[in-house]
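Trainee: Please pick one part of this model and take me through it closely. Start with the whole chain, then zoom in.

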Amino acid sequence: MPYFIILEIKKNDAEEIIRKLESENVFSDPIVTEITKASAFYEAEAEHKEYYSKHRQQQYCQVIIDPKIKKLQQLFADKVKKTKI
């Protein structure tokens, strides 16, 4: 399947999900997410790759990233592999 067709399918899927969420009144405010073509992607520099794994004792990781990971693990416990952070 050509790449552009796959992108169009993904766009249609995203639009369908938004319509469903809005029709079910999942959120009190309208969904304002824009569905656009992806812009250029640039690979991270070496010092930024695996930052969390390499710098878990950094304050940023402990204060910002750890709580987000814990929240995701709680919300999606049935879908996430059991790993210790």
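Mentor: The protein chain holds three helices and zero strands. From the N terminus, its elements run α-α-α. Helices (H or I, at least four residues) and strands (E, at least two) are DSSP runs, numbered from the N terminus. Residue numbers start at 1 along each chain as its sequence is written, and side-chain values use heavy atoms, with hydrogens and water left out. The model is predicted, so local features need pLDDT of at least 70 and side-chain atom pairs pLDDT 80 or more, while totals for chains, interfaces and linings use all residues.

Next, burial. The chain has 85 residues, and 6% of them count as buried. Buried means under 20% relative accessible area, exposed means over 50%, and partly exposed lies in between (1.4 Å probe, protein chains only). Contacts tell another part of the story. A contact means heavy atoms within 4.5 Å. Take the contacts between residues at least 6 apart in sequence: 10% join residues at least 24 apart.

Now the part I pick: helix H3. It covers residues 59–75. H3 has 17 residues and spans 24 Å from its first C-alpha to its last, close to the 24 Å expected at 1.5 Å a residue. The expected span is 1.5 Å times one less than the number of residues. Yet H3 has a kink. The kink is about 35 degrees and sits at isoleucine 65, shortly before proline 67. The bend at a residue is the angle between axes fitted to the seven residues ending there and the seven starting there.

Ile65 is buried, as are Cys61 and Asp66 in H3. The buried residues of H3 pack against H2.

H3 also has a surface side. Tyr51, Tyr60, Val63 and Ile64 make a nonpolar surface patch of about 360 Å². H3 supplies the largest share of that patch, three residues. Valine 63 is one of the patch residues, and it lies in H3. Patches are built from residues with over 30% relative accessible area and no salt bridge; nonpolar side chains (Val, Leu, Ile, Met, Phe, Trp, Tyr) are joined within 5 Å, like charges within 9 Å.

Most residues other than glycine have a negative phi. Asparagine 25 has a positive phi of about 50 degrees, although it is not a glycine.

Side chains of opposite charge can pair when their charged atoms come close. A salt bridge here is a side-chain nitrogen of Lys or Arg within 4 Å of a carboxyl oxygen of Asp or Glu. By this rule there are five. One joins arginine 19 to glutamate 16, with the closest N and O atoms 3.1 Å apart. These two are three residues apart in helix H1, so about one helical turn separates them. Arginine 19 is partly exposed at 46%, and glutamate 16 is partly exposed at 44%. Lysine 20 and glutamate 24 meet in another, 4.0 Å from N to O. Lysine 20 is partly exposed at 48%, and glutamate 24 is partly exposed at 48%. A further bridge pairs lysine 49 with glutamate 43, the closest N and O atoms being 2.4 Å apart. Lysine 49 is partly exposed at 34%, whereas glutamate 43 is exposed at 58%.

How values were computed
Accessible areas come from the Shrake-Rupley method with a 1.4 Å probe; for residues, only the protein chains shown count as cover.
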